[in-house]
Amino acid sequence: MTPEQKSLVVDSWNRVLPIKDKAAELFYGRLFEVYPEVKPYFKGDMTSQGMKLMATLNTAVNSLDNLEVLLEPLKQMGARHAGYGVQNEDYDKVADAFLWTLEQGLGEAFTPEVKEAWVITYTTVAAVMIEGANAVSASAELQQ
């Protein structure tokens, strides 16, 4: 990821933060509308879930210059998601809903360059989470 791409992610995220509650609502609405099969993964209060999502994204954006600090927490998060039944292919569904949400929230500021920067960011985060999920699956298989 280039310094310019990091800057695009940070700048666009700073535009999302003031509307983070609405962004979370849009995200989950879109995710469940387009991919209803993922809804059973989510239990409990979606407002709280949205707050967790936005906090995680905020941490990721603020750690773009030091991704090492995110590796273990993201792997653990991926392992937890695997326990909820999340499959590797579900990360693409989340990416689709998330990019749509950014487009809605940013409007004309959601340029092709901003989109590309976010795709790189999300792909990196998702890859680490999938690694954590797959490690749990491999460990479970070895124990059987």
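Which pattern does the chain follow when it is read along the sequence? The chain follows the pattern α-α-α-α-α-α, with 6 helices and 0 strands, where helices (H or I, at least four residues) and strands (E, at least two) are DSSP runs numbered from the N terminus. The structure is a predicted model, in which local features need pLDDT of at least 70 and side-chain atom pairs count only at pLDDT 80 or more, while totals for chains, interfaces and linings use all residues. Residues are numbered from 1 along each chain as its sequence is written, and side-chain values use heavy atoms, with hydrogens and water left out.

Along its principal axes, the C-alpha trace spans about 50 × 35 × 25 Å. Of the 144 residues, 34% count as buried, where buried means under 20% relative accessible area, exposed over 50% and partly exposed in between (1.4 Å probe, protein chains only). Among contacts (heavy atoms within 4.5 Å) between residues at least 6 apart in sequence, 76% join residues at least 24 apart. The accessible surface, computed by the Shrake-Rupley method with a 1.4 Å probe, comes to about 8500 Å², of which 54% belongs to carbon and sulfur atoms.

Aromatic side chains were examined next. A pair of aromatic rings is described by the distance of the centres and the angle of the planes. Rings of Phe, Tyr and Trp (its six-membered ring) pair if their centres lie within 6.5 Å, and planes under 30 degrees apart count as stacked, over 60 as edge-to-face and the rest as tilted. By this rule the count comes to 6 aromatic pairs. One of them joins Tyr28 and Phe32, whose ring centres are 5.9 Å apart and whose planes stand at 35°, so the pair is tilted. Both residues lie in helix H2 (residues 20-34), where they are 4 residues apart, about one turn of the helix. Tyr28 is buried at 7% relative accessibility, and Phe32 is buried with a relative accessible area of 14%.

The rings of Phe98 and Trp118 have their centres 5.3 Å apart and their planes at 70°, so this pair is edge-to-face. Phe98 lies in helix H5 (residues 90-106) and Trp118 in helix H6 (residues 112-143), so the pair ties together parts that are 20 residues apart in sequence. Phe98 counts as buried at 7% relative accessibility, and Trp118 is buried with a relative accessible area of 2%. Elsewhere, Phe27, Tyr28, Phe32 and Phe42 form one aromatic cluster.

Two further residues illustrate contacts across the sequence. Leu57, found in helix H3 (residues 46-62), is buried with a relative accessible area of 15%. Leaving aside neighbours within four places in sequence, Leu57 is in contact with Trp13 and Phe98; Leu57 and Trp13 are 44 residues apart in sequence and 8.8 Å apart in space, C-alpha to C-alpha. Ala133, in helix H6, counts as buried at 5% relative accessibility. Not counting residues up to four places away in sequence, Ala133 touches Lys75, Gly78, Ala79 and Ala82, and the C-alpha atoms of Ala133 and Gly78, 55 residues apart along the chain, are separated by 4.7 Å.
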